[in-house]
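Here is a short briefing on one protein chain. Look at the structure first, then read the points below.

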Amino acid sequence: SGKFFVGGNWKCNGTKDSISKLVSDLNSATLESDVDVVVAPPFVYLDQVKNSLTEQIEIAAQNCWTGKGGAFTGEISVEQLKDLGCKWVVLGHSERRHILGENNEFIGKKAAYALSQNLGVIACIGELLEEREAGKTFDVCFQQMKAFADAVPSWDDVVIAYEPVWAIGTGKVATPEQAQEVHVAVRDWLSKNVSAEVASKTRIIYGGSVNGGNCAELAKKEDIDGFLVGGASLKGPEFATIINSVT
Ligand code: 13P
């Protein structure tokens, strides 16, 4: 459903020099044209990347504030992100949920405000290992989905990223069957709780240890509409391989 979507989440990595090299590798790569490609550099390099990266790739932020800017020390507003040419923001990432302590309500506020200002949202969900082992994967994902659904005015500019926490940065990628199972459940949840149209149109992408070697098998699954890539997105040629895994 929808155009294949591949995001590169650079997280808190890079220097001016390493990012300039990554941008030049991406600019010289041959990328399938029928894929939406987005990279999320650290805030401090957004402008550098926007000004040097091929227009085929859009820019995302890794976070944003919940409303208009002002006296919010250390925060970055949606308006500022748009001023730099950002088209997307990643929200609800597991590192922000579990390391920074962001809850569903706070994430929902950010999503609502970003969408109200026409900034697209890459909405991340996913269970911890102990939740999976306790048979709570769907419960957790549905709760996270409900928080987004309660907050967002429309799903037109939302991409859902299913990122099981146990697969992030661990080298333990979900099997294509494990990912497909959750993607189907999330789509079914959307169909029951939002609408059949939103369920069929909304892209659900997978994240967690995706690399150049495992992307092709995952991409074959019917409900995997793309990827959110961490570590492997820091290597231009490997990220290109992942983009080009579109089937
Ligand atoms: P890795 O690809 O490094 O596992 O990270 C996934 C991720 O968190 C993308 O947002």
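A salt bridge is a side-chain nitrogen of Lys or Arg within 4 Å of a carboxyl oxygen of Asp or Glu. By this rule the count comes to 16 salt bridges. The model is predicted, so local features need pLDDT of at least 70 and side-chain atom pairs count only at pLDDT 80 or more, while totals for chains, interfaces and linings use all residues. Residues are numbered from 1 along each chain as its sequence is written, and side-chain values use heavy atoms, with hydrogens and water left out.

**Salt bridges**

- Glu 238 and Lys 235 join their side chains in a salt bridge, at 3.6 Å from N to O.
- Lys 235 has a relative accessible area of 47% and is partly exposed. Buried means under 20% relative accessible area, exposed means over 50%, and partly exposed lies in between (1.4 Å probe, protein chains only).
- Glu 127 pairs with Arg 132 in a salt bridge, and their closest N and O atoms are 2.7 Å apart.
- Is Glu 127 buried or exposed? Glu 127 counts as buried, because its relative accessibility is 0%.
- Lys 3 and Asp 36 form a salt bridge through their side chains, at 3.5 Å from N to O. This pair links distant parts of the chain, 33 residues apart: Lys 3 is in the segment before β1 (4–9), and Asp 36 is in strand β2 (residues 35–40).
- Helices (H or I, at least four residues) and strands (E, at least two) are DSSP runs, numbered from the N terminus.
- Lys 3 is partly exposed, at 34% relative accessible area. Asp 36 is partly exposed too, at 24%.
- Which residues are linked in a network with Lys 3? Asp 36 and Arg 203 are linked with Lys 3 in a network of salt bridges.

**Helix α1 with helix α11**

- Helix α1 (residues 16–28) and helix α11 (residues 236–243) have axes that come within 8 Å and cross at roughly 40°. Axes are lines fitted to C-alpha atoms, for helices over the stretch in contact, and angles run from 0 to 180 degrees between N-to-C directions.
- The two helices, α1 and α11, are therefore oblique to each other. Angles under 35 degrees count as roughly parallel, over 145 as roughly antiparallel, 65 to 115 as roughly perpendicular, and the rest as oblique.
- α1 and α11 make a right-handed crossing. A crossing is right-handed if the near helix is turned clockwise from the far one by less than a right angle, and left-handed if anticlockwise.
- Leu 22, Asp 25 and Leu 26 of α1 make the contact with Gly 236, Pro 237 and Phe 239 of α11. Contact means heavy atoms within 4.5 Å.
- The residues of this contact are four nonpolar, one polar and one charged. Ala, Val, Leu, Ile, Met, Phe, Trp, Tyr, Cys and Pro count as nonpolar, Asp, Glu, Lys and Arg as charged, and the others, Gly among them, as polar.

**Helix α5 with helix α7**

- Helix α5 (residues 104–116) packs with helix α7 (residues 137–151) at an angle of about 40°, and their axes are 8 Å apart. That angle makes α5 oblique to α7.
- The crossing of α5 and α7 is right-handed.
- The contact of α5 with α7 has six nonpolar, four polar and no charged residues.

**Gly 69**

- Gly 69 sits in the loop between β3 (57–61) and α3 (78–83).
- Gly 69 is partly exposed, at 47% relative accessibility.
- Gly 69 touches Ser 77 and Glu 79, not counting residues up to four places away in sequence.
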